[in-house]
Amino acid sequence: MLIVMEERRRMYRSAVYIQQLKRKGFYRRKHRGREGIHLCIFMAMMMFLGGMGGIMSYAWSGNGEAVFNETHTGNSMGEPIPMVFAIPDFDPIPPINIRVTTQPFHEKNQHYGVDLVATTEDAPIMAVEKGKVEKAGWGKETGNHLKIRHSNGYLTNYFHCKELRVKEGQFVKRGDIIAIVGTTGKSTGPHLHFELRINGKPVNPTEYVDLSSVE
């Protein structure tokens, strides 16, 4: 029982460490897409797991998940203890074709997202990753808005939409058109206010999603 608990603690520490790498900008995919290689695996292995002992190998699954196969020795029977640890599968795409970012993330000013202006009028808004539509509705401040729940504690918000193309409870795939850019609610012009939260905490979307302008 103690050995199992220790393994779980190690898995938790590994997940937390990788989240820290992502926030510091070290977590980047070398190539985009489901077949992309996670550069952070090498860094995590060298910087964090190198001193833990045991034998470490890793493989890549077909959907782009990095899977650790770690073997430790030292249980009461002297037998190896296998452990498998999968990196959360969150490889988001930009929600729109971006012309310019008009207002960045600023937590102290309670601006918990980024304001993005699209390259064309009535531009489609896309789901940045697969997930389930948790909320599709109207708010005085947010106008027509969507909230999509992804795996591993990730959640995205899309505000000020002209119209919504999905309903609550609907499952969406990465790249599905979910709404149209608009200026509903408290808005000074057509744009998308895009937010990303991890386990309920707002984070700077630019640290996780490529929000570079295309023009």
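**Close-up views of a predicted model**

**View 1. Aromatic pairs in the predicted model.** The count comes to 2 aromatic pairs, taking ring centres within 6.5 Å as the cut-off. One of them joins phenylalanine 90 and tyrosine 154; the ring centres are 4.0 Å apart and the planes meet at 10 degrees, so this pair is stacked. Phenylalanine 90 sits in the loop between strand S3 (81-86) and strand S4 (98-103). Tyrosine 154 belongs to strand S9 (residues 154-164). The pair therefore ties together parts that are 64 residues apart in sequence. Phenylalanine 90 and tyrosine 154 are both buried.

**View 2. The pair of tyrosine 158 and phenylalanine 194.** Here the ring centres of tyrosine 158 and phenylalanine 194 are 5.5 Å apart, with the planes at 55 degrees, so the pair is tilted. Tyrosine 158 is in strand S9, while phenylalanine 194 is in strand S12 (residues 192-198). Tyrosine 158 and phenylalanine 194 are both buried.

**View 3. Asparagine 157 in strand S9.** Strand S9 also holds asparagine 157. Its relative accessible area is 5%, so asparagine 157 counts as buried. Beyond four places in sequence, asparagine 157 touches Leu146, Lys147, His193, Phe194, Glu195 and Arg197.

**View 4. The largest nonpolar core.** Nonpolar side chains tend to be buried together in soluble globular proteins. The largest nonpolar core of this model has 30 residues. Those with the most contacts inside it are Ile96, Ile125, Tyr158, Ile178 and Phe194. Two or more residues each come from strand S5 (113-118), strand S8 (143-149), S9, strand S11 (177-181) and S12. S12 gives the largest share, 4 residues. Beyond its neighbours within four places in sequence, isoleucine 125 contacts Pro95, Ile96, Tyr158, Cys161, Leu192 and a run of others, including Asp176, Ile177, Ile178, Ala179, Ile180 and Val181.

**View 5. Two asparagines with positive phi.** Most residues other than glycine have a negative phi. Asparagine 152 has a positive phi of about 60 degrees. Its place is the loop between S8 and S9. With 44% relative accessibility, asparagine 152 is partly exposed. Asparagine 199 also has a positive phi, of about 55 degrees. Asparagine 199 lies in the loop between S12 and strand S13 (201-203). Its relative accessible area is 65%, so asparagine 199 counts as exposed.

**View 6. Threonine 206, after strand S13.** Threonine 206 is in the segment after S13. It is partly exposed, at a relative accessible area of 44%. Its side chain makes a polar contact of 2.8 Å with the side chain of asparagine 204. Beyond four places in sequence, threonine 206 contacts Val114 and Leu211. Threonine 206 and phenylalanine 105 are 101 residues apart in sequence, yet their C-alpha atoms are 8.4 Å apart.

**View 7. Confidence along the chain.** Mean pLDDT for the protein is 75, and 59% of the residues reach 70 or more. Residues 50-76 stay under 50 in pLDDT. The model gives residues 50-76 71 contacts beyond four places in sequence. Residues 79-87 also have pLDDT below 50. For residues 79-87 the model has 35 contacts beyond near neighbours in sequence.

Conventions: Residues are numbered from 1 along each chain as its sequence is written. This is a predicted model: local features need pLDDT of at least 70, side-chain atom pairs count only at pLDDT 80 or more; totals for chains, interfaces and linings use all residues. Side-chain values use heavy atoms; hydrogens and water are left out. Rings of Phe, Tyr and Trp (its six-membered ring) pair if their centres lie within 6.5 Å; planes under 30 degrees apart count as stacked, over 60 as edge-to-face and the rest as tilted. Buried means under 20% relative accessible area, exposed over 50%, partly exposed in between (1.4 Å probe, protein chains only). Contact means heavy atoms within 4.5 Å. A nonpolar core is a set of buried Ala, Val, Leu, Ile, Met, Phe, Trp, Tyr and Cys residues joined through side-chain atoms within 4.5 Å. pLDDT is the predictor's confidence in each residue, from 0 to 100. A polar contact is a pair of N or O atoms within 3.5 Å; within protein, one must be able to donate a hydrogen and the other to accept it, and residues adjacent in sequence count only if both atoms are side-chain atoms.
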